[in-house]
Amino acid sequence: MGPPSRTNAHRQPPPPMLPPRQRPPPGGLRPADPILAKNLDKGKEKVGDCSDMSLLDIAKGEVDVISQRLKNLSDEFLERLKNELRLILEEADGDELLILQKLIQIRGDLTEKTLIGAHRVQLEILVATKTGMQAYLHQSIRLSQISLVRIFLFKRCRNIECQSQLPADDCNCKICANTEGFCSLCMCMSCTKFDFEGNTCRWIGCDQCSHWTHTDCAVRDGRIGMGADEKKGEGTAEMMIFRCGACGGTSEMLGWVKDIFEVCAPGWDRQGLMRELDFVTKIFRGSLDSRGRRLSWICEDVLEKIKGGMVESVACRVLMLFFQELEIESSRHKFEEIGRLAPEEACNRISEVLQEAITKMKKVEEERDGMLKKARLDLEACDRELEDKAREIMELKKERKQKKEETEKLEKMVREKEAEADSWEQKAIEAREEAEKVLQSISLSKSHKANEEQRGSGGFLQLNSFE
């Protein structure tokens, strides 16, 4: 069904920026809302001087007046205004954003002629407020003035990586004609949101008009169900189909999933493969067709096995084998149909089917041989890796043992040094005590000698005095 992937030009991620936030659905003001009424009354007050410039002033003020005032403000002040709006946009459902959007919505002077002369920051704030996207406030996003004006007026796609003229491809379907700002190249028909994912079952494309829908949105809105594929004509067996909301056409789902997995599955990582299997399970969960039911069961089984440790490549092979079996079954059914044809026509059909079957069987056999060979090589590589890991473990154990011995040797040396230090410390204490004793003995000896000398000297003086 349709191309297996969406246009890469519209799915690649933009320069680093915060994720886009969708603008609220259009609608008129509700004067009965007391919060809105109160804030709108504030917005009608007279604009003050440059130092009092606010987001409300930009949302309600005349374009040329505000533009002139912004020219007199510093770059730092303008950046603060943008930062204030970023904080408001982070709370996308807040009253402040709703008030600013309502003020912009009710204005009739915001035309291409007036906006082309707006100040750059003024225009960025108006576009970011109307679309609810912070990307237009980032310095790395530098769109031309006219591009911003056309995005504001919904004449160009608000997806920075798309920016197609609207309506895209001059489409006049009811969705492109009636949904303001809708781009059929990158937006979902149901929720009008866009993202940068490609090569995935998350998006379903219509075979006839190439409009896109989120798988979750299609399941929720009942656009996926049993029916006959219009391309195969009436009388064909019912299968799981997608009904486009734009053109009303139908697209067969089983072949679409097969194409997606054959082309894109090798590039999915573990989490990506699990997510894709979950999408396929959602699509075919209510299938009344035996092939759709089997695909849903296989996806559920493979998903559980992946959670239990199955390798992604093996899981992909299981799905590929299932799709190949479906092709063989289709050939068998063709043989059964041939039995009801005229002999000559039946012979021609038999020859065609046999040739087709032989080609497919050879292809299946080659693929199975290739898969078996690859599995054997993977097993050998795994064995070699295990051997290498075992050697690494042995070397690590040996190195750990050596480190442990070295550590024990160092600890022993440390203990010996500590014991030696304790011994020397004890000897130092003993030497200090011995020295103190010697000093004390010398001091006592000197004191005793001094006393004797003093007594001798005193007796001599007394003798002289007596004489």
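**Salt bridges**

At 38% relative accessibility, Asp221 counts as partly exposed. Its side chain meets that of Arg220 in a salt bridge, 3.1 Å from N to O. Please keep in mind that this is a predicted model.

- The number of salt bridges comes to 14.
- Glu112 and Lys155 form a salt bridge through their side chains, at 3.3 Å from N to O. Glu112 belongs to helix H6 (residues 112-115) and Lys155 to the loop between helix H8 (145-152) and helix H9 (174-178), so this pair ties together parts that are 43 residues apart in sequence.
- Both partners are partly exposed: Glu112 has a relative accessible area of 28%, and Lys155 has 33%.
- Asp216 is joined to Lys282 by a salt bridge, with 3.2 Å between the closest N and O atoms. This pair links distant parts of the chain, as Asp216 is in helix H10 (residues 215-220) and Lys282 is in helix H12 (residues 270-284), 66 residues apart.
- Arg220, at 56% relative accessibility, counts as exposed.

*The chain as a whole*

- The protein chain contains 15 helices and 5 strands.
- Of its 467 residues, 36% are buried.
- The chain exposes about 28,000 Å², and carbon and sulfur atoms supply 53% of that area.

*A look at helix H4*

- Helix H4 (residues 75-90) has 16 residues and reaches 23 Å from its first C-alpha to its last, close to the expected 22 Å.
- Its buried residues include Phe77, Leu81 and Arg86. Among the elements that cover the buried residues of H4 are helix H2 (55-60) and helix H7 (120-131).
- Arg86 counts as buried because its relative accessibility is 13%, under the 20% cut-off. Apart from neighbours within four places in sequence, Arg86 is in contact with Glu79, Gln134, Leu137 and His138.

*Core and surface*

- Which residues touch the most other members of the largest nonpolar core? They are Phe261, Leu295 and Phe323, in a core of 92 residues.
- Beyond its neighbours within four places in sequence, Leu295 has contacts that include Leu254, Val257 and Phe323.
- On the surface, Val311, Val314 and Val318 form a nonpolar patch with about 190 Å² of accessible area together.
- Val318 lies in helix H14 (residues 312-338) and counts as partly exposed, at 31% relative accessibility.

Terms used:
Residues are numbered from 1 along each chain as its sequence is written. This is a predicted model: local features need pLDDT of at least 70, side-chain atom pairs count only at pLDDT 80 or more; totals for chains, interfaces and linings use all residues. Side-chain values use heavy atoms; hydrogens and water are left out. Patches are made of residues with over 30% relative accessible area and no salt bridge: like charges are joined within 9 Å, nonpolar side chains (Val, Leu, Ile, Met, Phe, Trp, Tyr) within 5 Å. Accessible areas come from the Shrake-Rupley method with a 1.4 Å probe; for residues, only the protein chains shown count as cover. A salt bridge is a side-chain nitrogen of Lys or Arg within 4 Å of a carboxyl oxygen of Asp or Glu. Helices (H or I, at least four residues) and strands (E, at least two) are DSSP runs, numbered from the N terminus. Buried means under 20% relative accessible area, exposed over 50%, partly exposed in between (1.4 Å probe, protein chains only). The expected span of a helix is 1.5 Å times one less than its number of residues. Contact means heavy atoms within 4.5 Å. A nonpolar core is a set of buried Ala, Val, Leu, Ile, Met, Phe, Trp, Tyr and Cys residues joined through side-chain atoms within 4.5 Å.
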